[in-house]
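Please open the structure in a viewer and follow the stops below in order. Each stop states what to select and what is found there.

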Amino acid sequence: MSPTPTPRRAAVVGGNRIPFARSGGRYARASNQDMLTTTLDGLVARFGLQGERLGEVAAGAVLKHSRDFNLTRESVLGSRLDPSTPAYDVQQACGTGLEAAILVANKIALGQVESGIAGGVDSASDAPIAVNEDLRHVLLDLNRARTPVQRLKALRGLRPGQVVPETPRNGEPRTGLSMGEHAAITTREWDISREAQDALTLASHQNLAAAYDRGFLDDLVTPYLGLTRDQNLRADSSMEALAKLKPVFGADEPGATMTAGNSTPLSDGSALVLLASDEWAAARRLPVLAHLVDAETAAVDYVHGGEGLLMAPAYAVPRLLARNGLSLGDFDFYEIHEAFASTVLTTLAAWEDPRFCKERLGLDAPLGSIDRSRLNVTGSSLATGHPFAATGGRIVATLAKLLHEKGSGRGLISICAAGGQGVVAILEAA
Amino acid sequence: MTTSTDRYRSFVNSPLGSSIGKRLGLPRPAELRRHSPGSPLLDGPAVVLGSGALAPDVTLLLKAAGVAVVDADSPDRLGAVVLDATTLSSVADLGVLRDPLGPAVRRLGPSGRLLVLARAADTTDEPAVAAARQALDGFVRSAAKELRRGATANLVVVAEDAEPAAWESTVRFFLSARSAFVDGQVVRVGVAATNAPDDWDRPLEGRVAVVTGAAQGIGAAIAQTLARDGARVVCADLPAQGERLAVVANRARGTALQVDITAADAAERIAAHADERYGGLDILVHNAGITRDKLLVNMPEAQWSAVLAVNLESQLRINEHLLEQKVLGSGARVVCAASTSGIAGNRGQTNYAASKAGIIGMVRSAAPAFADIGATINAVAPGFIETEMTARMPFATREVARRICSLQQGGQPVDVAETIGWLAQTASVAVNGQVVRVCGQSLVGA
């Protein structure tokens, strides 16, 4: 029997991502594997990991071709890492990147690996397109056919309409509603105003622009295909410009508030973080920016349970806080993924609401409010864009660097995901 | 490291082109011998002439490097002719330059080396002595223009009392294929000396180097060359150049540092990166530079300032900070990119030439302070080097620029890199405050 290992905290050494592009933009012809490999190589270059065998690489994509069944391993093989570095794919919708980081960090905590890379990639441009479902059945029958007669019989199933391919839909399979339509329902329920959403959006763009200008992203981002900053970033945006946009979600109802401005666009991009034990990092003279303290994943029944699709983080965070003996105010930075401006605002509103906290969370008192000046201080998904699986890696690296700059303190990450899920985590300055 | 191809050179070196070229009397730029790890110092035996104190040590050096040293009248095709001219002190003494040096030079093979070692002509010398010593300057530069087939001639001025350890790295550089495009140059070597490297093929083993402007062209070649010679290389460039920078850093097995050298905190960030990742900084190569060409009368303020800020001010600021913070200490080597434009001037480049001439002034002025701490600062001045930038020049301009040097071709980025690698060696401590042109002895900027 080997001794039970004592858990330790995994260190966040740093990260790398490529600037995020809008769907159909600069990366329109780049595949997930192209982007993930390039991001790996950028991370290798930043930390001098050429030829290094890491414990593992865990990453994934939400929109995935069937040929990419081993996407992460294939990317490792194409990178400058030692090809004997193992890898696996993870997929938990928009929570993919953070969940991958938690998986690697937990293995480091248990001493099963000393180092690893985690994150994700997504391309809404290079999305998989499948053959028509009826055509697929015909082709499979044809494949199974053994005799000419059987083959002819199978081919009799061909119909002109079958040339129309199946394209992936940004919608929930169980409700048929898009994520934006779901968010619009929640936004209406919580009565989140258009102005509040636009203000949050504007802050995201301004914070990200300021972060670029002060060089904050110089060691977080590596340009790709000529793109040097996130394509979605509008440094010169204004409340007036945002106010002019027409609602796009829940637009059939009067007083709709969600626009293309205060919702994230479909995006392409990739982001990774380098995690390690303190010893591994020290032996290579690599920095330790922060430690991953703990994490929690929650899911809600948005189909029949009367809860909003993107409300799971509102449940995950209180559980995480309770386990760690912390209250909502005990953080220096809050990184709440901006799937939609209203997602952030409804989550914050829920935590301030006595009834929600009592009835849904079973708390005696509201979880509380946060100091808004500590929220997404270098911008978030509304400004950067949101390539689904890449968002977790972006946020972990950003928060770790913020904590390292400050030299002390603690940060909270909250990411909502399709399927009514939410992944949240705590980082502490090293 | 994409470079434009010199099709003319390829043509006149082909069987057909060679015969046509000879009949028409066209220039015949040679394929220059270049260094690769493990290759011999010289491509053939050497002749050592002169009766000075340096000649026996040069002979020892050559033999230690595996080079056969033969008699002056040996019929072999020679890899190098070395003349110890330190004893020449009269006009009559100069006769050795015509004979036996002349006949020996006739037997120099392709990419052969004529290297003359001499003493400085000082104002305190007797006029006749100073005349003889200064005469070598004109002699070597002229001989360099007469040599063909990629052979070069250079003059090393060695201080009195300098031990062989002071000049060995320099003599090796000028003899070797590393100096392929350095021709007609005069370099002074002082008396400071350190131990020789364990392996002359990896003279930068274990040293930590920072190269600015490393994402492409000459900078990428510098990173690659320093890494080949054993250095651990921090490849620095603008954040916007990060994509290519990562490729260069990975190839050099170094690290990428995305930093704007004109930013106020650039020096701190460079120092912090080198210290955190490598525990210090030994070699700093100021290679980053930009051009914003415009005739003086049309020069916008932004183009003037940008060039001076990137090419000159940033180097001054970074050097000052790193010296002050003792990041650059004993053994540090700083090499700055000047340009032949800064020496000869160039139409449309008043801003660029001013910045590059400024580098030369800075290097000469800073050298004594560097010497005080056992460090050095030198400049290289590239001439026409084949890069993506020169590939975009108009055809005729580019062809003229290529042919107006003694080697009748443009240099490669690696030629600049090799020269920097020599100046960056620990063993090159006696070379300080020098400006070495890497221009194939261009007619401009002499």
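**A guided tour of the predicted model**

Begin by selecting B:Gly345, which is partly exposed, because 16 other C-beta atoms lie within 10 Å, a count between the limits of 12 or fewer for exposed and 20 or more for buried. The model is a predicted one. B:Gly345 belongs to the loop between helix 12 (340–344) and helix 13 (350–372) of chain B.

Next, display the open sheet of chain B, whose seven strands run in the order 9-8-7-10-11-12-13 with parallel pairing. At its edges stand strand 9 (255–258) and strand 13 (435–438) of chain B; each has a single partner strand, so one side of each is left without a neighbour in the sheet. Neighbouring strands of this sheet are turned by 20 degrees against each other on average, direction ignored.

Now select strand 12 (residues 376–382) of chain B, which pairs with strand 13 of chain B in the parallel sense over four bridges. B:Ala381 stands opposite B:Arg437 in strand 13 of chain B. Helix 13 of chain B packs on the sheet and touches strand 11 (333–337), strand 12 and strand 13 of chain B. The direction of helix 13 makes about 160 degrees with that of strand 12 of chain B.

Finally, move to chain A and select helix 4 (residues 133–144) and helix 5 (residues 148–155), whose axes come within 8 Å and cross at roughly 180 degrees. The two helices of chain A are therefore roughly antiparallel to each other. In their contact, A:Val138, A:Asp141 and A:Leu142 of helix 4 meet A:Arg151, A:Ala154 and A:Leu155 of helix 5. The residues of this contact divide into four nonpolar, no polar and two charged.

Terms used:
Residues numbered from 1 in each chain as written. Chains lettered and ligands numbered in written order. Predicted model: local features only at pLDDT ≥ 70, side-chain atom pairs only at ≥ 80, totals over all residues. Axes fitted to C-alpha atoms, helices over the stretch in contact; angles between N-to-C directions. Parallel < 35°, antiparallel > 145°, perpendicular 65-115°, else oblique. Contact = placed C-beta atoms within 7 Å. Nonpolar A, V, L, I, M, F, W, Y, C, P; charged D, E, K, R; others polar. Pairing = 2+ DSSP bridges.
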